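Work through the two exercises below with the structure open beside you. Each task is followed by a solution in steps.

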Amino acid sequence: MAGVGAGRSFGAVAGYLLGAATVIVFSPRRLQRPVALGLFGVVLLGDRYWLTPTPGLEWFLPFFFLKLLVSHLLPDSAEDS
């Protein structure tokens, strides 16, 4: 995956990551977890049906978005109480 196609894929992934993070951060606190999981589900579908993954790195985008959107971006549950 080199050349123009790789640049477009990178731009689409980076744009989606920034947009999804913005939506999660500005959603109401009690809805942040369901919104994050829903946007992660869109990533899983998009990775399989809209983008051509780099051979050998098919696993990377799902785990990367899981780590960023669902794990690191959400506040700790201890802060919720």
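**Exercise 1: a helix pair**

Task: In this predicted model, determine in which hand helix 2 passes helix 3, and which residues of the two helices meet.

Solution: Helix 2 passes helix 3 in a right-handed crossing. Turning to the geometry, helix 2 spans residues 32-49 and helix 3 spans residues 60-72, and the two pack at an angle of about 165° with their axes 10 Å apart. Because angles over 145 degrees count as roughly antiparallel, helix 2 is roughly antiparallel to helix 3. On the side of helix 2, Ala36, Leu37, Phe40, Val43, Leu44, Asp47 and Arg48 take part, and they meet Leu61, Pro62, Phe65, Leu66, Leu69 and Val70 of helix 3. By class, the residues of this contact comprise eleven nonpolar, no polar and two charged.

**Exercise 2: a pocket**

Task: For the second largest pocket, find which residues line the space and which helix supplies the largest share of the lining.

Solution: The second largest pocket holds about 170 Å³ of space, and its lining consists of Ala12, Val13, Tyr16, Val42, Val43, Gly46, Asp47, Trp50, Leu51, Leu61 and Phe65. Sorted by class, the lining divides into nine nonpolar residues, one polar and one charged.

Definitions and conventions: Residues are numbered from 1 along each chain as its sequence is written. This is a predicted model: local features need pLDDT of at least 70, side-chain atom pairs count only at pLDDT 80 or more; totals for chains, interfaces and linings use all residues. Side-chain values use heavy atoms; hydrogens and water are left out. Axes are lines fitted to C-alpha atoms, for helices over the stretch in contact, and angles run from 0 to 180 degrees between N-to-C directions. Helices (H or I, at least four residues) and strands (E, at least two) are DSSP runs, numbered from the N terminus. Angles under 35 degrees count as roughly parallel, over 145 as roughly antiparallel, 65 to 115 as roughly perpendicular and the rest as oblique. A crossing is left-handed if the near helix is turned anticlockwise from the far one by less than a right angle, and right-handed if clockwise. Contact means heavy atoms within 4.5 Å. Ala, Val, Leu, Ile, Met, Phe, Trp, Tyr, Cys and Pro count as nonpolar, Asp, Glu, Lys and Arg as charged, and the others, Gly among them, as polar. On a 1 Å grid over the protein atoms alone, a cavity is a set of points where a 1.4 Å probe fits but cannot get out, and a pocket is an open set with protein on both sides within 12 Å along at least five of seven lines; lining residues have an atom within 4 Å of a point. Grid points are joined across faces, edges and corners, and a volume is the space filled by probe spheres set on the points.
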